Amino acid sequence: MNIPGSSLVVLLRAVAVIQIALVAVNLSLVHVFGLNDLLTRWPAAVRELFVVHLLCISLMVLTISVVTLRFVREITNQAHAICRWFAGAAALFWLLRGWLQLFYSLSTQWPINELHWVFMAIDGSLALVYGLAAWGRGESN
């Protein structure tokens, strides 16, 4: 599929903004679902591991977003090999996240089953856009 460079720029900017929104949602889920009481009952080591993973994954997604926004033209143009590698790594990250959402997460862990499907669709869409940026032909100059 050949998407014109300007369309891919718009798509990449959109997925960067979506990822920033996902970080905000991710960081607020503990409060929204009232998990604070549950977390206080967990052993300290498990609680610390949960918080570290939550913050590290959020920071990684935020980093992907900021790099995408800053270097969107370079990624679209595939100006350097690192641009394709970055987009490919982001595509694989979101593909793996979607796969885990589909096959690993149990629907009983979700208070709202529809939310499970929404996140899986978002993950797949993000993987698709980054995949187009990584394995597409790039914008012709």
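What follows is a walk through the fold, from the whole chain down to single residues.

This is a predicted model. The mean pLDDT of the protein chain is 85. A score of at least 70 is reached by 87% of the residues. Helix H4 (residues 72–77) scores highest, with a mean of 94. Helix H2 (residues 36–41) scores lowest, at 79.

Start with the architecture. The protein chain holds six helices and zero strands. Read from the N terminus, the order of elements is α-α-α-α-α-α. Among contacts in the protein chain with a separation of 6 or more, 75% join residues 24 or more positions apart.

Now the surface and the interior. The protein chain has 141 residues, and 33% of them count as buried. Its accessible surface is about 9,000 Å². Carbon and sulfur atoms make up 70% of that surface.

Next, the core. The largest nonpolar core has 24 residues. Leu12, Val15, Ile75, Ala87, Trp94, Tyr130 and Ala133 touch the most other members. Two or more residues each come from helix H1 (5–32), helix H3 (44–70), H4, H5 and helix H6 (113–135). H6 is the top contributor, with eight residues.

The buried residues of H5 are Cys83, Phe86, Ala87, Gly88, Ala90, Ala91, Trp94, Gly98 and Gln101. The spacing follows from helix geometry. An α-helix has 3.6 residues a turn, so residues three or four places apart point the same way. Cys83, Phe86, Ala90, Trp94, Gly98 and Gln101 are among the buried residues of H5. Setting aside neighbours within four places in sequence, Ala87 is in contact with Ile75, Tyr130, Ala133 and Ala134.

Last, the cysteines. Cys83 is buried, with a relative accessible area of 7%. Cys56 is partly exposed, at 48% relative accessibility. A disulfide is a covalent bond between the sulfur atoms of two cysteines. How many disulfides are there in this model? The count is zero.

How values were computed. Residues numbered from 1 in each chain as written. Predicted model: local features only at pLDDT ≥ 70, side-chain atom pairs only at ≥ 80, totals over all residues. Heavy atoms only, no water. Disulfide = S-S within 2.5 Å. Buried < 20%, exposed > 50% of the residue type's maximum accessible area, 1.4 Å probe, protein only. Helix = DSSP H or I, 4+ residues; strand = E, 2+ residues; numbered from the N terminus. Contact = heavy atoms within 4.5 Å. Areas by Shrake-Rupley, 256 points an atom, 1.4 Å probe, with all protein chains shown as cover. pLDDT = per-residue confidence, 0-100. Core = buried A, V, L, I, M, F, W, Y, C linked by side-chain atoms within 4.5 Å.
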